[in-house]
Amino acid sequence: MKKMTGSRVFVFLMVATALLSVCHGGVLRKKFYRKTCPSAETIVQDITWKRVANNPELVAKFLRMHFHDCFVRGCDASILINSTASNTAEKDSPANLSLAGFEVLEEIKSALENACPNTVSCADILTLATRDAVSFQFKKPLWEVLTGRRDGRVSLASDIPANLPSPFSNFTTLKSGFSNKGLTVHDLVVLSGGHTIGLAHCNTFSPRLYNFTGKGDQDPSLDPSYATFLKGICSPTDSTTTVEMDQGSGTNFDSGYFTGLTKNKGLFISDAALLTNKGARNIVNQLTIQADFFTEFGQSMKRMGAIDVLTGTAGEIRKVCGKIN
């Protein structure tokens with residue numbers, strides 16, 4: 001084998017870097033629509049803020065939808081595709097039946113099609129709307145969204161079980177699931193902070209209250225007073241009642257989730273799991289500082305938003321988000 005010269009090594013490394021970039025989702029960039037649709041981000045923000053003002057629950061809904069989209073086939077808006085007679089799509093998987101806000105994304109898409117036909121992807125709309133929904137409380141963007149995603153053409157409910165972490169997952173399973181998506185333990189802990197806003201159904205955590213090991217017992221790692229509070233709301237078989245994931249602060253995006261977690265008041269088994277690893281536990285303690293949480297959350301959301309994205313000529317730009325062209 002010939003020895004490569006310095007210039008050839010440089011070219012080889014540049015090519016390898018370019019290929020790695022493509023493998024991990026291609027190149028996203030700031031203000032992708034600056035020339036092709038200058039009003040794109042303003043349109044997304046205006047409609048998102050208007051809808052969130054009337055329905056604050058949309059914040060948690062969009063956060064969860066974006067997460068569920070990116071962890072299955074990458075951030076390609078496959079979560080938005082409707083089922084057909086011949087295919088059950090992701091949104092109709094049992095894990096996604098409580099998702100909501102699809103109509104708002106279609107409203108945004110319609111406005112963008114009127115302004116700039118065949119230009120802005122549903123994948124970018126979902127990513128931007130999620131950032132804008134979280135940011136509504138602060139009246140300014142909490143993080144920068146890189147754009148340039150294109151829309152996927154495949155959506156299978158059967159992809160869900162192997163890709164989405166469960167609220168019953170232990171730390172090893174969570175770490176593996178995030179690692180498979182190119183995310184770190186740091187990202188795992190930071191993004192779990194999304195549980196600072198929104199609601200959860202009783203059946204997603206009630207085994208911790210009534211049958212933790214299959215012997216009718218309670219999870220000993222759960223704060224006893226918190227467990228008593230939850231038992232006053234949820235019966236062992238209740239699957240319809242909801243509770244705040246961050247008790248007393250479920251409508252505010254803040255660091256309350258981490259403060260509660262340090263007091264053993266994490267709602268899910270997957271929340272409590274973060275305390276079972278020393279490194280993760282140290283990150284939890286750091287993120288009780290709200291400024292640190294806000295900074296790190298934005299960075300981790302940018303990394304999550306780049307998972308296996310389609311760019312360039314891959315995929316398509318859907319005319320409506322719920323249907324493949």
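**Group meeting: a walk through a predicted model**

Okay, let's start with Lys91, which sits in the loop between H3 and H4. Helices here are DSSP runs of H or I with at least four residues, strands are runs of E with at least two, and both are numbered from the N terminus.

What you have is a predicted model, where local features need pLDDT of at least 70 and side-chain atom pairs count only at pLDDT 80 or more, while totals for chains, interfaces and linings use all residues. Residues are numbered from 1 along each chain as its sequence is written, and side-chain values use heavy atoms, with hydrogens and water left out.

Back to Lys91. Is this lysine buried or exposed? Its relative accessibility is 14%, so Lys91 counts as buried; the cut-offs are under 20% relative accessible area for buried, over 50% for exposed and partly exposed in between, with a 1.4 Å probe and protein chains only. Leaving out neighbours within four places in sequence, Lys91 is in contact with Ile79, Leu80, Ile81, Asn82, Asn96, Leu97 and Phe102, and contact means heavy atoms within 4.5 Å.

Ala77 has a positive phi of about 60 degrees, although it isn't a glycine. And at 0% relative accessibility, Ala77 counts as buried.

There's another positive phi at Lys31, near 50 degrees, again in a residue other than glycine. Lys31 is in the loop between helix H1 (6–23) and helix H2 (40–54). With a relative accessible area of 45%, Lys31 is partly exposed.

Now for what the database record says. UniProt, in an unreviewed entry, lists residues 27–325 as "domain: Plant heme peroxidase family profile". UniProt positions are in the numbering used here, feature names are shortened, and annotations may be inferred rather than shown by experiment. In the model, that span is 41% helix and 2% strand, and its end C-alpha atoms lie 24 Å apart.

The unreviewed entry also puts the feature "active site" at His68. Where is His68? It's in helix H3. His68 is buried, at a relative accessible area of 8%. Not counting residues up to four places away in sequence, His68 touches Ile79, Glu90, Ala95, Asn96, Leu99 and Leu164.

Staying with H3, let's see how it packs. H3 covers residues 58–70, and it packs with H5 at an angle of about 145 degrees, the axes being 9 Å apart. Axes are lines fitted to C-alpha atoms, for helices over the stretch in contact, and angles run from 0 to 180 degrees between N-to-C directions. The H3–H5 crossing is left-handed; that's when the near helix is turned anticlockwise from the far one by less than a right angle, and clockwise is right-handed. Which residues make the contact? From H3 it's Val59, Phe62, Leu63, Met65, His66 and Asp69, and from H5 it's Leu126, Thr127, Ala129, Thr130, Ala133 and Val134. By class, there are eight nonpolar, three polar and one charged residues in that contact. Nonpolar covers Ala, Val, Leu, Ile, Met, Phe, Trp, Tyr, Cys and Pro, charged covers Asp, Glu, Lys and Arg, and the others, Gly among them, go down as polar.

H5 (residues 122–135) also meets H4 (residues 102–115): their axes come within 10 Å and cross at roughly 120 degrees. That makes H4 oblique to H5; under 35 degrees would be roughly parallel, over 145 roughly antiparallel, 65 to 115 roughly perpendicular, and the rest is oblique. This crossing is right-handed. Leu105, Ile108, Lys109 and Leu112 in H4 meet Cys122, Ile125, Leu126 and Ala129 in H5. That contact divides into seven nonpolar, no polar and one charged.

Two last stops. Arg208 lies in helix H9, residues 207–210, and counts as buried at 1% relative accessibility. Its contacts beyond four places in sequence include Asp217, Asp219, Gly266 and Phe268.

Finally, Thr288 is in the loop between helix H13 (278–286) and helix H14 (290–304). Thr288 is partly exposed, at a relative accessible area of 27%. Beyond four places in sequence, Thr288 touches Ser255, Phe258, Thr259 and Thr262.
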